[in-house]
Amino acid sequence: MYDDDELEAIREAGEEWHEETLGPVLDRHGERQDRFATVSNVEVDRLYTPDDVADLDYLDDLGFPGEEPYTRGPYPTMYRGRTWTMRQFAGFGTAEETNDRFHYLIDQGQTGLSVAFDMPSLMGIDSDDPMSQGEVGKEGVAVDTLRDMEILFGGIDLGEISTSFTINPSAPVIYAMYIALADQQGVPRGQIRGTLQNDMFKEFIAQKEWVIPPEPSLDLVTDVVEFSAEETPKFHPVSISGYHIREAGSTAVQELAFTLADGFGYVEDAIDRGLDVDEFAPRLSFFFNCHNSFFEEIAKYRAARRIYSRVMDEWYDAERAESKRLKFHTQTAGQSLTAQQPLNNIVRVTIQALAGVLGGTQSLHTNSFDEALALPSEKAVRVALRTQQIIAEESGAADIVDPMGGSFAIEALTDETERRAMRYIEEIRDMGDGSVRDGILEGIDRGYFLREIQEASYEYQERVERGEEVVVGVNEYTLEEDTSPEILRVDETTEERQLDRLAEVKAERDDDAVADALETLREAVDRGENAMPAIVDAVKVYATMGEIMQVFEEAHGAYSEEIGLA
């Protein structure tokens, strides 16, 4: 954007500034530390100038909002048209308790629901399974059958609300229950809106929740993508999630690279299934973390849009603008929250949320200040939601489209993030002999992702312990007194009440209809057909989560991680 003569003049002026203005100050006072770096340990310069973005081509690299490569935002008006969807992760105890929280959040101005499930539901087992003992309703809501889903969304019109489901191995079953509930309510399937996480690559890479091996797990993901394209075109069938990769200890670049690679892997699998990329790609969505390094996070989101646009065009021949327009949800960084001085977390969350907004997120979840201690209390959830509302309504951050665009620092960081992420993506592609999907499967088998993330996590923790990374209230500015707030405690009778309801459903349902539905599902799996129609039919006769997932485990076997040495 600058000609050679202008750049040379800027360089000469910069050298003069360094010698005459900066140098004497450094000699007298120095700086706070010898090296400045992001949370991901990427060194940042003292000052950025046009020389740092000398190779930037405005139209090719930035463009305008709503136009390729979408660096400046996926939509022309961004938040001047409407603000991002404000979500709060909610779920605990039984469906009745979570339904109460949903209604509270809607009354407080929340515009989308986000469901947290308990561990048995996440792992596809029923509340009466011996493995579930002590875990029912503890870290999310327990859902065993369609009856729970009916109660969970009691008094909520599925045609009017957008719902996000954070669940993976058993995601097809929850999706089927939501469809069955929409059918009950008389809401056309084409009208239901929401997002299913359904990201199994991420599970094998980072979060480590699975039922069956990677390849049949991928088949189930693609079943949902295929079914959704036909039946629920406004519903996002997979949310490719970097959030949990970052929570496992990755750097920002690793989060970006591994997440986008996962997305490209799903694209390749759907294309191999015979799907037209322009039919399913517009419904793919992404889910990113937002950590403390304000400018690095903004740059990460801008680089994500640019990489996605170019790769979808050049590698997968996408033609529709919607197929190349990356859309994403953001959640503030859970791993950044501290149990010590938990009110400090309100400030952390505010900074992270603002970075997500300035980076152009489409929806946002702000963590509650007490989540390092327990499930969030009602008071903490309200503060978290009000944080978003104040950013949207009072800060002015939503009034300018890409207000950080053109910043020498932001553009330089965006370019650097893109370069580093693409090196990872190309390495994964090479592992798969030209296929990103096969490279991911190979990387899972080799333990490649595990090692990369573990190394980054270890290095970060070492920096914290050496005091190179300051964590306020933990390794600096500590207090002796107890600063713990009142926390939410799940009623100890929750498990008993959930078991009673499950027993009641099993006693009342038509056992022959359940057996027939499960046999139909078993036959579909054996024939390699799309399993979703049979799963929908099974949940409608109140087959349980565990009964349905058991069909897949019997067909494909259970999976345990064996890390190779390669």
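## Strand S7 and its surroundings

Let's start with a pair of strands: S6 (residues 239–241) and S7 run parallel and are joined by 3 bridges. Strands here are DSSP runs of E with at least two residues, while helices are runs of H or I with at least four, numbered from the N terminus. Two strands pair if DSSP finds at least two bridges between them. The model is predicted, so local features need pLDDT of at least 70 and side-chain atom pairs count only at pLDDT 80 or more, while totals for chains, interfaces and linings use all residues. Residues are numbered from 1 along each chain as its sequence is written, and side-chain values use heavy atoms, leaving out hydrogens and water.

S7 also pairs with strand S8 (residues 328–332), again in the parallel sense, over 5 bridges. Here are two of the residue partners:

Is S7 (residues 285–290) buried or exposed? 6 of its 6 residues are buried, so the strand is largely enclosed by the rest of the structure. Buried means under 20% relative accessible area, exposed over 50%, and partly exposed in between (1.4 Å probe, protein chains only). In a regular strand, side chains alternate between the two faces of the sheet. In S7, Ser285, Phe287 and Asn289 point one way, and Phe286, Phe288 and Cys290 point the other way.

Now for the whole chain. The chain has 22 helices and 9 strands. Of its 566 residues, 56% count as buried. The C-alpha trace spans about 85 × 60 × 50 Å along its principal axes.
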